[in-house]
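Me: I am new to this structure and would like to know what stands behind the words used for it. Please set each term against its definition.

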Amino acid sequence: MEAIIEAVLFTMGDSVETEKLAVAIEQDAQTTRKIVHNMMDKYEAEDRGIKIIEIEDGFQLCTKPEYYENLIKVASQPRKYQLTDVLLETLSIIAYKQPITKMEIEKIRGVSSDHAVNRLVEYNLVCEVGRLDAPGRPMLFGTTEDFLRAFGVQSVEDLPSLSQDMVEEFKVEAEEEVQMKLDV
């Protein structure tokens with residue numbers, strides 16, 4: 001069963017839902033999840049260049065980060081994207097408020113966010129997840145599996161939560177920043 005799971009994960013490349021793996025090995029989802037978690041432990045315990053990661057309700061075979069430098073010596077260098085402060089701010093708004101429209105993002109940020117959202121879509125960290133049932137049917141945006149992979153979380157529920165004290169601290173900092181700009 002482990003060999004089948006390994007073959008499926010290797011061949012698919014992207015994450016594979018637990019239910020689909022269960023069908024492949026003719027087991028129930030709970031048993032399949034236990035088998036995959038056992039495999040994950042084995043990969044971590046042994047000196048291997050690959051590992052299995054869990055993303056939402058699925059699993060993916062990937063390279064261990066410590067072998068990245070060796071990988072780029074052979075493969076063409078993967079495209080690295082530059083996440084500026086503006087992109088990170090926009091991405092965090094989308095991650096925590098999804099699904100969200102550009103207009104809602106702009107209301108929070110206070111400036112146009114077209115460029116930032118378009119760049120995040122280009123980087124495949126954000127995608128259109130639907131349309132709002134409102135006049136003009138604006139696009140709704142949410143994060144992608146690549147976002148989860150890039151930030152090392154299994155689902156958006158695993159993102160760190162902000163305490164009320166932190167929110168108040170951010171508000172004070174923002175107000176001070178606005179006041180400094182007005183004084184200049």
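Reply: Two strands count as paired if DSSP finds at least two bridges between them. Helices (H or I, at least four residues) and strands (E, at least two) are DSSP runs, numbered from the N terminus. The model is predicted: local features need pLDDT of at least 70, side-chain atom pairs count only at pLDDT 80 or more, and totals for chains, interfaces and linings use all residues. Residues are numbered from 1 along each chain as its sequence is written, and side-chain values use heavy atoms, with hydrogens and water left out.

Me: What makes strand 2 and strand 3 a pair?

Reply: At least two bridges are required, and 6 bridges join strand 2 (residues 50–55) to strand 3 (residues 58–63), so they pair; the two run antiparallel. Ile55 stands opposite Gly58 in strand 3. The two strands form a hairpin with 2 residues between them, and Glu56 in the turn has a positive phi of about 50 degrees.

Me: How do you know that strand 1 pairs with strand 3?

Reply: Here 2 bridges join the antiparallel strands 1 and 3, and at least two are needed. Glu17 stands opposite Gly58 in strand 3.

Me: Why is one side of strand 1 and of strand 2 left without a neighbour in the sheet?

Reply: The open sheet of 3 strands has the order 1-3-2, with antiparallel pairing. Strand 1 (16–17) and strand 2 stand at the edges and have a single partner strand each, so one side of each lacks a neighbour in the sheet.

Me: How many helices and strands does the protein have?

Reply: The protein has 9 helices and 5 strands.

Me: Why is the protein called more spread out than a compact globule?

Reply: The radius of gyration is taken over C-alpha atoms, and the globule rule is 2.2 Å times the number of residues to the power 0.38. For 184 residues the rule gives 16 Å, whereas the protein has 21 Å, well over that value, so it is more spread out than a compact globule. Along its principal axes the C-alpha trace spans about 65 × 40 × 35 Å.

Me: Why is Thr90 called buried?

Reply: Buried means under 20% relative accessible area, exposed over 50%, and partly exposed in between (1.4 Å probe, protein chains only). Thr90 has a relative accessible area of 0%, so it is buried. Its place is in helix 5 (residues 85–97). Buried residues make up 29% of the 184 residues in the protein.

Me: Which residues does Thr90 touch, not counting those up to four places away in sequence?

Reply: Contact means heavy atoms within 4.5 Å. Thr90 touches Ile105, Arg109, Ala116, Val117 and Leu120.
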